[in-house]
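Let's take a guided walk through a protein model together.

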Amino acid sequence: MSTQARVVRMAAQGSPDVLKVETMQLTDPGEGEALVRQTAIGVNYLDVYHRSGYYPLQTPSSVGSEAVGVVERTGPGVTDVKVGDRVAYAGGAPGSYASHRLVPASRLVKVPGDVSDEIAAAAMLKGMTVEYLLQRCYAVKPAEFVLFYAAAGGVGLLAGQWGKHLGAKMIGVAGGAEKCRLAREHGYSEVIDRTREDIVERVKTITGGAGVPVVYDSVGKATFDASIKSLKPRGFFVSFGTTTGAPPPVEAGLLQKHGSLYFTRPTLVTYTARREELVASAAAVVAMLQGGAVKVHVGARYPLEEAARAHTDLEAGKTVGSSLLIP
């Protein structure tokens, strides 16, 4: 029994207009697979990397990293989910921009009834990213200063609230008065407007000249120097994104010169490689949502057919919070 699915595909990597909706026939789920009818799809900068060619993919290819939906059929050997379960997934091979999808059941997590499809789709990948960044990559401690870039983006807004819940003094970097206002409303005690303020000078002022013990930099090339100079001795430089291009090669001598710094380039894939890690990370996100410590800001919704516009807006910095595609 096959299922007809609308799927966003690209014949080659490139600009947003390579994204086209096609109709495909999906086969029955195979061993360990589940067929998911998708109801809300998260849009992430990771998808832009896949589409643009920054992360090379063999084409033609599908696009997308996370979605929420309902299990319609399961294949042999599936025990983690059953037909009718509301589920979410994040990461793995690109392909979430679709009305239906075959997904390895081991990568699905159940969505509780008090978390809506849209909230789950807007929060799962970004929330698990925040969880591993703030609690496992570098364990943020109460009363510590934390510098976080793109504070008004989907990950940034969740990080501000999550960090505040942990007791950290969150310093956000955002562009423009409106984005700075939004960041302050989502947990940041201090926000630096990168369009009119010097990041390093403001960090030094805020921290009494000490610098921060950790910086989470999703920008890359444009902010590398400012991030290095904002750290205190033995500080952690966590580079988890490259929206302005890759940072320069990190020389060991540079880390020594600026105070025996640590540099890491982590990924969600590594931190959720085992199912128990995936389930625990997703559970932490759900607990933060259910407890009210974290609220999700959905800034934009697009029909599946407008995936190209969603990417254009995201790359142009026009979006705030999380963006969704609705099949």
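At roughly what angle do the axes of H2 and H9 cross? Before answering, keep in mind that you are looking at a predicted model. Two packed helices are described by the angle between their axes and by the distance between those axes. Here the axes of H2 and H9 cross at roughly 110° and come within 8 Å. Angles from 65 to 115 degrees count as roughly perpendicular, and H2 and H9 are therefore roughly perpendicular to each other.

Now zoom in on where these helices meet. From H2, the residues in contact include Ile119, Met124 and Met128, while H9 brings residues including Leu278, Ala282 and Val285. Sorted by class, this contact has 9 nonpolar, 2 polar and 3 charged residues.

Met128 also leads us to the next stop. It is one of the residues with the most contacts inside the largest nonpolar core, which has 50 residues. Several elements each supply at least two residues of this core, among them helix H2 (117-137), strand E9 (145-148), strand E12 (212-217) and helix H9 (275-291). The largest share, 12 residues, comes from H2. Leu133 is another of the core residues with the most contacts. Leaving aside neighbours within four places in sequence, Leu133 is in contact with Tyr138, Phe148, Tyr216, Val238, Phe240 and Pro266. Apart from this core lies another one, of 27 residues, including Val8, Ala67, Ala105 and Leu304.

Next, look for the sheet. Strands of a sheet pair through backbone hydrogen bonds, either parallel or antiparallel. In this model, 6 strands form an open sheet in the order E11-E10-E9-E12-E13-E14, and the pairing is parallel. Strand E11 (190-193) and strand E14 (262-264) stand at the edges with a single partner strand each, so one side of each has no neighbour in the sheet. From one strand to the next, the twist averages 15°.

Finally, find Asp47 in helix H1 (residues 45-52). Is Asp47 buried or exposed? Buried means under 20% relative accessible area, so Asp47, at 0%, counts as buried. Not counting residues up to four places away in sequence, it touches Gly42, Val63, Gly64, Ser65, Tyr97 and His311.

Conventions:
Residues are numbered from 1 along each chain as its sequence is written. This is a predicted model: local features need pLDDT of at least 70, side-chain atom pairs count only at pLDDT 80 or more; totals for chains, interfaces and linings use all residues. Side-chain values use heavy atoms; hydrogens and water are left out. Helices (H or I, at least four residues) and strands (E, at least two) are DSSP runs, numbered from the N terminus. Buried means under 20% relative accessible area, exposed over 50%, partly exposed in between (1.4 Å probe, protein chains only). Contact means heavy atoms within 4.5 Å. A nonpolar core is a set of buried Ala, Val, Leu, Ile, Met, Phe, Trp, Tyr and Cys residues joined through side-chain atoms within 4.5 Å. Axes are lines fitted to C-alpha atoms, for helices over the stretch in contact, and angles run from 0 to 180 degrees between N-to-C directions. Angles under 35 degrees count as roughly parallel, over 145 as roughly antiparallel, 65 to 115 as roughly perpendicular and the rest as oblique. Ala, Val, Leu, Ile, Met, Phe, Trp, Tyr, Cys and Pro count as nonpolar, Asp, Glu, Lys and Arg as charged, and the others, Gly among them, as polar. Two strands pair if DSSP finds at least two bridges between them.
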